[in-house]
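Please open the model in a viewer and follow the stops below in order.

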Amino acid sequence: MGRPDDCEGGWLGLATIPLEEKLVSFFKSEKYRELLREAAVRKKRSIPVEFNDLIKFDETFARNLVASPNNLLGVLNRACLRQLQIEDPEYAASVPVFAARIISLPTATPIREVRSEHLRKLVMVDGMISKASAVKPILKKGVFRCRYCGMTQMVEQASHRVSMPEACLDKTCRGSRRPSFELVPEESTYIDYQVIGVQEKPEDLPPGQLPRVIEVRAKDDLVDVARPGDRVIVVGVVDSVQERTVESPLRTFKIYLDAVSIEPASKEPQAVHISSEDEKLFKKMAEDPFIINKLVESIAPSIYGLDHIKKAILLLLVGGRSKT
Ligand SMILES: [Zn+2]
């Protein structure tokens, strides 16, 4: 997802070729072939990949993916695109990017426990979206024109800052020694970008604590998949940006999550099952003339008094009717 795929070079650059071949066979299973075909029909730019399926396919790869996702996610995405090229070559040629979005890691990390030890690792957090920025385009492939001779070059963008070509390719041009380039916006390609805040769920909060928020950066088709107030499960790579004063960078870094997948979490009320015993109990409770006081007392019991406010909250929770 706009990350440097295998720019580390070295052993990984060499080792990725057989790995990529191997991963293509992962996408040849009936389940993923069907998902790829469906993606092509619906013009989607990604498919969900269950982490469990990866464990069954190659446990070492799955474990390495969690430990160093920045290199391996790129390999997985390329393998996925290659199978898409087989399933639907026409559609594969028309998409600028195609992603395999990892979902359902075995364990979720509580938002308040994301620390420096998780840096550049794959984690899953669940929470509630507290805010979402406007969607803006971010440069994916920049086309730059040499200011001397007008020759253009394309540079894939991976870091936070714009990467420019190093020198003009024409050896006779002044730009090959003293490079000077300008961006050609209309020939460059962009993807959508949005910053969302994911907040701890109220039920996960230690008593009397304020919820914490983690910044999640969403790109391409992950933009606007959920709105503020929605519960989501986010799988992403923990990353950091260096904090800085006006003059100089600081030693501290701000943590954020580079989203790999964002899934809406099912709303809990649907999961509540009411048995006939429960029903009997509810009816018995309803006969109690002091039931309202009991319910008021059970709202935020750690907060003393304020019964009139608790009563108002209770009535808001159970009363009213939807607008027609
Ligand atoms: Zn030039």
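**Domains and their interface**

Taken over C-alpha atoms, the centres of domain 1 and domain 2 are separated by 20 Å. This is a predicted model, in which local features need pLDDT of at least 70 and side-chain atom pairs count only at pLDDT 80 or more, while totals for chains, interfaces and linings use all residues. Residues are numbered from 1 along each chain as its sequence is written, and side-chain values use heavy atoms, with hydrogens and water left out.

Colour the protein chain by domain: domain 1 (1–106), domain 2 (108–270) and domain 3 (273–318), with bounds from an automatic or database domain assignment.

Next, select the interface of domain 1 and domain 2. Here 20 residues of domain 1 are in contact with 22 residues of domain 2 (heavy atoms within 4.5 Å). About 1900 Å² is buried between domain 1 and domain 2, with 55% given by carbon and sulfur atoms; buried area is the accessible area (1.4 Å probe) that two parts lose on being put together, summed over both.

Then display Asp220 and Arg45, which form a salt bridge whose closest N and O atoms are 3.0 Å apart (a side-chain nitrogen of Lys or Arg within 4 Å of a carboxyl oxygen of Asp or Glu).

**The zinc site**

Select the zinc ion and its protein donors, the SG atoms of Cys146, Cys149, Cys168 and Cys173, at 2.3 to 2.4 Å (donors are N, O and S atoms within 2.8 Å of the metal, or 3.2 Å for Na, K and Ca). The donor residues follow the spacing C-x2-C-x18-C-x4-C.
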